[in-house]
Structures are given as structure tokens and as C-alpha cells.
Amino acid sequence: MTNVDVVQIEIAEEDSLRADMYDFIASLLRTEPSDELIAQVALLEGDKTPIGSACLTLSHLAKTLDNGLIRNEYVSLFIGVGRGEILPFASYYLTGFLNDKPLANLRSDMSAIGIRRAEGVKEPEDHIASLFDMMSGLIRGRFGRRFSVAEQATFFRKHIEPWADLLMRDIEAAKTVVFFAPVGTIGRAFLEIESQAFSMDGTG
Amino acid sequence: MEDTNKKDAVAGRRDFLKGSAVSVAAVGVTAVAGKSASAGEVEVVAGSGYRETEHVKAFYASARF
């Protein structure tokens, strides 16, 4: 589908792990989790950090909950009948409306980076999973080159930081949430690490 | 002097991330991420391998570099 040469870029281990975290969280929030994904999540281990202990909870839920129930939970949280309990789009969180100015701003930045919504994806690009995919791509150099930490910070501060923490809290506290509660916890803890790390880089 | 501060800041960030991120590897997130890496929602616009086009320059300008 794309003819772009994949640029092989060496990235530091901690950056690779950041990209892994974005991919991991995106995979859980993108669509109803597949049997394969749930089986993978069941293999997660834990430690004493906030992310580690939420991973342990998530792993336990993946092992014990019926996969169909997990997928039903996804639908009722994020899709619903008419609409889900949570609308995980930047525009909605920032303005109260879908497809508003924040989406236009994002599309303009995506065009500058040289990326677009993949074929077959119906949701607007400002879905949390899309934005996390983009962060991962910027870090890994999936979009033709590696983007500097300062450039990553600019994208993060503009499109993710202003609203994603609130989204993760909404997921943790949703009425129908079980499986996705620790996903929200992991997301919130990770976003906090990202915010702090970007502020240490001397970029502001 | 400024260079030293900048280097310190970068090193501080790296150390901070290492401290937080190592546990991420330990708990196995990487394995899950590896399974899903190809399922991204965005793709590179065909033929737009990195070139410093007017668009990219505009992005830098808007990002205040």
C-alpha cells in the first residue's frame, strides 16, 4: 500500500520502550480486542510501579474474563448504541464537538509530516489510538525519518497532552468498565512519564 | 555553558526514562506491542519519503524551530 522506503533508524532503548508503550495502549483502545491480543495481554507480568501493578491486574482480567465479554465492554464503552459512554477523540474532549478545529489542526500537521489515515479506517484521525500510533511512528522513524525529541514534544503537547489524561481518568471511572480500567491507569501513568520527560529535555 | 546544560537536560531525561521504562520491558508490554505494530491507523502518504518540502518547512516553522 505504501511505496516508501523504510528507513532503518537506530533508536535508544528507552525510546524504543516508549514506542512500545504507545503501540501497546493503542492496540487495546483501537477496536474490540481479538482473542490473540487478549492471549498476549494474559502473559503480562507485574511489578511495584503503577504501570507494573496495573499490568498485573490487566493480565489477571485477560485470563479470567470471557473474551466476548471483553469485546462487549469495548463496544459499550467506546461505540455503544448511537454512542458509547466515552468518545475518545481529541476534538470532542477539547471542544465538545466531533470533527471540529482540533481535528483540522491535526490533519494539517499530519499532512506536513507526510501521513494520512490508513485506508479502511473510518474514525476521524484524532482518535486516541491514531494519535498514539502517530507518536510511535515519530519515535521509531516510521514516517521517513526520526523526529527529534523536541518535535515529538511539540506533537504531544499540541494533540495529546491537553486532553488524554482526562480521557484515561474517564476510562478508569466509567460506569461499565472492568477490563479497560487498568488500561486507563496504565495510560494515565505513562502520559505522566511522557509529560515529565519532555519537560526535562530543555525544550520548555 | 549552555551546551553543558542542554547535555545535562538530555541525560536527565534519558535517566528518568530508563528508571521508568525498564519496568515496562520487564512486565512484557514489548511483546504485546510487537504483535500490534503492523495494525497502525495511519500510513505514510505514498511516495512521500522524507524530503524537505515546503510542507515540512512549514511544519518546522509552525513548530517554532
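**One face of a helix, and the core beyond**

Let's start with helix α3 of chain A, where the buried residues are A:Ile51, A:Ala54, A:Cys55, A:Leu58, A:Ser59, A:Leu61 and A:Ala62. Looking down the axis of α3(A), you'll find these buried residues within an arc of 165°, so they line one face of the helix. The spacing makes sense, because an α-helix has 3.6 residues a turn and residues three or four places apart point the same way. Keep in mind that this is a predicted model. As for its length, α3(A) covers residues 50-64, and its 15 residues reach 21 Å from first C-alpha to last, close to the 21 Å expected at 1.5 Å a residue.

Now step back to the whole chain. Chain A has ten helices and one strand, and from the N terminus the order goes α-α-α-α-α-α-β-α-α-α-α. Its C-alpha trace spans about 40 × 40 × 35 Å along the principal axes. A compact globule of 204 residues would have a radius of gyration near 17 Å, and chain A agrees because its value is 17 Å. Of the contacts in chain A with a separation of 6 or more, 63% join residues 24 or more positions apart. Buried residues account for 45% of the chain.

So what sits in the middle of things? The largest nonpolar core has 65 residues, and the ones touching the most other members are A:Ile25, A:Cys55, A:Leu58, A:Phe132, A:Met135, A:Val183 and B:Val29. Helix α1 of chain A (residues 13-30) supplies the largest share of this core, nine residues. Take A:Phe132: setting aside neighbours within four places in sequence, it is in contact with A:Tyr22, A:Ile25 and A:Ala26.

Notes: Residues numbered from 1 in each chain as written. Chains lettered and ligands numbered in written order. Predicted model: local features only at pLDDT ≥ 70, side-chain atom pairs only at ≥ 80, totals over all residues. Core = buried A, V, L, I, M, F, W, Y, C linked by C-beta atoms within 7 Å. Buried ≥ 20, exposed ≤ 12 C-beta atoms within 10 Å, placed from the backbone. Helix = DSSP H or I, 4+ residues; strand = E, 2+ residues; numbered from the N terminus. Contact = placed C-beta atoms within 7 Å. Rg over C-alpha atoms; globule rule 2.2 N^0.38 Å. Expected span 1.5 Å × (residues − 1). Arc of directions from axis to C-beta.
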